[in-house]
Amino acid sequence: MVIVLTMSLVAVLTSDILIYTLLAALGVYLLVQGFGRQALKYLLVCGIFIGLRLISGGNGLTMLMPEMFLFMTLRILMMVMAAHPVIGMPPGEVVAVFKKIHAPDVLALPITFMLRFFPTVRSEFADVFAALRLRKLLSWRHPLRAMEYIVTPMIFRSSRIAEELAASAESRGISNPGPHTCRRTIAFRKRDAVMCVIAVGVTVGYFLLERTVA
């Protein structure tokens, strides 16, 4: 629910003040969920992009970093912050949740693979950067060549990872139409209900403020 509501706000909000306060609210949300360090990292990155927007005066920084890029990056970071508690869930729990709420497989399976794929690709990126630094192939003097050295191995690695994850999921019976079990207890608790109510109230408040500001 938090992810869906954040996506709706990202699509509607136009005032910079409301966007910045929503970033702060998402930081508090991550803090409550137990992701304080990650919240600090997200807010630091968002602060950098906000500073770039303020420095550019709304005109962007050269053709390599136009205003639209800064505009979209902030909004993407907001959606990533809202999705971080879900991204951090083990894939088995994600599958169990989707099965419990009777979500269609057309929606559940792609999201499950995506949540498992991105952390794996991130570790692969770290391995590629470590190998390039060891061979001293990363250089700001030759950005296009460095980009080639990064992208080329990642394309092949990502293709292999996708095949391995699909085979692993199939071997564990992810597409089995029968009942699925999970060793962790999946339950909708009072804290979850309170969080949903607060999220709906905050969303309605932002919609009203957006009309007032507009």
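Visitor: Which helix gives the most to the lining of the largest pocket?

Guide: This is a predicted model. Helix α4 gives the most to that lining, with eight residues.

Visitor: What volume does the largest pocket have?

Guide: About 1,600 Å³. The lining comprises 40 residues, and the closest to the pocket centre are Met1, Ile3, Val86, Met89 and Val97. Elements giving two or more residues are α1 (2-12), α2 (16-32), α4 (67-87), α5 (91-100), α6 (105-134) and α8 (190-213).

Visitor: How many nonpolar, polar and charged residues does the lining have?

Guide: Sorted by class, there are 31 nonpolar, three polar and six charged residues.

Visitor: Which residues does His84 contact, beyond its neighbours within four places in sequence?

Guide: With those neighbours set aside, His84 contacts Leu30, Phe35, Gln38 and Tyr42.

Visitor: Leu30 belongs to α2, I see. Why does the span of α2 agree with its number of residues?

Guide: Count 1.5 Å a residue, times one less than the number of residues. The 17 residues of α2 should then span 24 Å, and the end C-alpha atoms are 25 Å apart, so the two agree.

Visitor: Which residues of α2 are buried?

Guide: Leu18, Ile19, Leu22, Leu23, Leu26, Gly27, Tyr29 and Leu30. After the helix comes Gly34, with a positive phi near 95°.

Visitor: How should I read a run of buried nonpolar residues?

Guide: Start with the general idea. In soluble globular proteins, nonpolar side chains tend to be buried together. Now the case here. The largest nonpolar core has 27 residues, and Leu13, Leu22, Leu23, Leu30, Met78 and Met81 touch the most other members. At least two residues each come from α1, α2, α3 (36-56), α4 and α8. The largest share is that of α2, with seven residues.

Visitor: Where does another core lie?

Guide: Apart from the largest one. This other core has seven residues, including Val121, Val128, Leu132 and Ile150.

How values were computed. Residues are numbered from 1 along each chain as its sequence is written. This is a predicted model: local features need pLDDT of at least 70, side-chain atom pairs count only at pLDDT 80 or more; totals for chains, interfaces and linings use all residues. Side-chain values use heavy atoms; hydrogens and water are left out. On a 1 Å grid over the protein atoms alone, a cavity is a set of points where a 1.4 Å probe fits but cannot get out, and a pocket is an open set with protein on both sides within 12 Å along at least five of seven lines; lining residues have an atom within 4 Å of a point. Grid points are joined across faces, edges and corners, and a volume is the space filled by probe spheres set on the points. Helices (H or I, at least four residues) and strands (E, at least two) are DSSP runs, numbered from the N terminus. Ala, Val, Leu, Ile, Met, Phe, Trp, Tyr, Cys and Pro count as nonpolar, Asp, Glu, Lys and Arg as charged, and the others, Gly among them, as polar. Contact means heavy atoms within 4.5 Å. Buried means under 20% relative accessible area, exposed over 50%, partly exposed in between (1.4 Å probe, protein chains only). A nonpolar core is a set of buried Ala, Val, Leu, Ile, Met, Phe, Trp, Tyr and Cys residues joined through side-chain atoms within 4.5 Å.
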